[in-house]
Amino acid sequence: MRIGIVGVGTMGRVHAEAYRRIGAELVGAYDPNPEKLAEFVARFTVDPFRSYEELLLRVDLVDVTAPTFAHEELAVRALEAGKDVILEKPLALDAASGRRILEAARASGRRLFVAMVVRFFPQYRRAAELARSGQLGRVGVVRLKRVLFPPGPGWYRDPEKSGGMPVDLMIHDLDYVRWLLGDPARVFARRSPPVEGEVLEHVQAVLGYADGRMAIVEGGWAYPSGYFRTALDLAGDRGLAEWSSDQPPPLGTLFPKDEPAPEVGLPMAGLEEDPYELELRHALEALERGKPFDVTPEDALAALELALAVRDSARTGRVVEVA
Amino acid sequence: MRIGILSFAHLHAEGYVQNLRRISGVEVIGFSDTDPERGRRFSQAYGLRWFWTHEDLLAEHPDAVIVTSENARHRELVELAVRSGAHVLCEKPIATRTEDALAMKAAVEAAGVSFMTAFPMRFSPAVEAARAMVAEGALGRVLAVVGVNHSENPKRHRAWFAEKALAGGGATIDHTVHLADLYRWIFGVEVAEVTAEISNPFDPEVDVDTAGLLLLKLENGVPASIDASWSRPPSYPRWGHLKMEIVGEKGTLVLDAFAGHLHVWRRGQERAYEWLGFHPDPNQGMLEAFVDSVRNGTPPPVSWRDGYEALRVVLAAYRSAERHAPVAPGDL
């Protein structure tokens with residue numbers, strides 16, 4: 001299966017590295033920025049495509065790692081050209097745009113995988129399996145945390161282009177809550193007061209379920225440079241699972257903390273279980289064998305709708321009914 | 001100074017006896033409890049004089065009393081105690097209804113004694129340091145506060161904690177007040193609004209809530225959460241924890257008030273693995289401050305008003321959870 005990447009920013013590089021490690025056939029890439037494209041193709045020894053049209057002619061599978069505002073156009077064109085699509089999260093900037101992508105997938109008969117990578121982090125997967133196995137009893141309260149430093153200059157900082165922090169970042173944990181508990185009945189969120197001239201943002205969202213289960217999701221672009229913390233806490237009536245990135249990893253390093261941070265921070269996973277590798281391996285395997293994806297396009301759309309509800313509630317201060 | 005303990009219904013009474021005995025010049029004259037089983041048990045366990053009735057204890061004219069009854073009985077015992085001229089340290093939450101709290105205030109003022117609300121976490125050195133950092137502006141503008149006060153279900157130690165008539169509710173009334181008080185104390189503002197999800201996902205045998213997630217808006221615009229859930233299993237390495245993260249423009253503060261612990265394993269116990277704390281007990285600092293204020297005739301470091309405002313946050317949370325809408329504690 002010949003794979004082409006469109007968009008060679010942070011996520012394009014992360015996916016390309018994962019493809020290389022799993023031995024997938026990444027044949028080339030396209031990006032409107034010629035310097036970034038040249039650097040990328042040199043690094044991964046793949047072909048530069050002169051246009052998106054050329055990419056669509058040369059590959060079987062399109063991996064869209066372009067900025068969120070370009071998702072709809074790129075994904076729909078690939079699907080209409082008869083290609084399967086791996087699409088970086090979030091699905092789209094708004095629900096209508098997301099639905100158009102899903103409709104294009106249905107109409108083309110091609111397959112769409114939205115890369116909700118948190119479901120492939122070993123600790124999140126293990127905790128979800130534990131919950132699903134019934135060993136925790138009925139999970140009643142879920143706590144999730146994902147807070148890091150604000151993104152550097154670029155499109156992430158512009159809510160018109162990235163959807164803003166809830167849509168770009170909190171969507172990971174909102175998707176995970178849906179994976180564990182299903183769709184909530186209502187959402188309430190509070191966000192930090194704005195800081196002049198800064199993109200600092202911190203949001204806490206409480207999700208309420210009709211049967212009394214509940215979750216709190218904390219997300220933020222709010223820490224000082226270099227810090228990225230995530231945590232999960234699943235409390236059931238028969239057991240409890242906790243994990244926090246504050247726990248030491250299998251391999252620890254101590255380097256100066258004042259070095260410049262990468263453009264977008266990525267959490268460290270286990271050494272041999274890179275979640276991006278697991279995610280893309282799963283997607284390729286499901287495509288090759290015609291098996292279902294662990295994340296359906298409908299899941300990606302529902303997670304986006306939940307993130308938009310969080311954003312709305314944080315803005316208005318009102319409880320949003322979502323069911 | 002002679003101190004009596006009114007009721008051993010609350011778990012904390014046991015610790016308080018030991019805290020008081022470490023303070024020089026303090027004599028614990030005994031405790032009153034109308035439950036004979038409890039009276040005999042704790043009298044024996046702590047070598048304490050047991051009074052059958054609260055009136056009997058108060059007839060000994062203690063300088064001060066600690067009210068550690070069930071939440072709903074605080075008012076009755078506080079009214080009795082202040083009429084006898086005793087200063088009062090009252091367990092949290094100070095009451096289960098605002099009218100009881102207001103009646104307690106009137107009785108205290110009429111008697112001319114002092115009243116302190118038992119909020120021990122203000123006396124945690126880590127909390128005091130966090131407050132000082134915020135006050136100095138070390139974090140810059142505060143963006144958000146994340147608070148967690150989890151515990152096991154306390155009913156296995158004392159059943160009344162999970163009885164609505166005596167406790168006023170479950171996990172939410174039990175835990176919310178600690179963090180609500182710390183937020184008020186650290187930032188020096190009231191809670192403007194509360195939105196909450198409250199339910200009982202953990203224990204079908206009780207008729208109270210075992211989980212509560214609250215999102216507050218403080219008067220200074222800072223959003224702050226409280227997880228008040230009884231979500232830790234009985235085998236958890238400690239009763240629970242009190243954690244708070246203050247996310248600021250310049251930096252973030254991560255507080256885990258009971259983080260200093262040994263890892264201890266014991267054979268044949270339900271809590272086979274335990275986190276055994278080695279930092280100073282905040283209750284000790286709280287009781288020393290209470291004794292000092294009574295001795296010196298100075299206002300108590302935690303007031304009736306502090307207890308009342310924290311109670312209003314709790315009541316706002318319950319109302320919000322019923323209505324699925326934000327509620328202002330000031331309206332209650």
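1. Basis. This is a predicted model, where local features need pLDDT of at least 70, side-chain atom pairs count only at pLDDT 80 or more, and totals for chains, interfaces and linings use all residues. Residues are numbered from 1 along each chain as its sequence is written, while chains are lettered from A and ligands numbered from 1 in the order in which they are written.

2. Chain A, overall. Chain A holds 10 helices and 13 strands. Helices are DSSP runs of H or I with at least four residues; strands are runs of E with at least two, and both are numbered from the N terminus. The C-alpha trace spans about 55 × 50 × 40 Å along its principal axes.

3. Chain A, burial. Of its 323 residues, 49% count as buried (20 or more other C-beta atoms, placed from the backbone, within 10 Å of the residue's own).

4. Domains of chain B. Domain 1 covers 2-113 and domain 2 covers 121-331; the bounds come from an automatic or database domain assignment. Their C-alpha centres lie 23 Å apart. The contact takes 27 residues from domain 1 and 26 residues from domain 2 (contact: C-beta atoms, placed from the backbone, within 7 Å). On the domain 1 side, α5(B) gives the largest share, five residues.

5. Between the chains. Here 31 residues of chain B are in contact with 31 residues of chain A. On the chain B side, β7, β8, β9 and β10 each give two or more residues.

Definitions and conventions. Contact = placed C-beta atoms within 7 Å. Buried ≥ 20, exposed ≤ 12 C-beta atoms within 10 Å, placed from the backbone.
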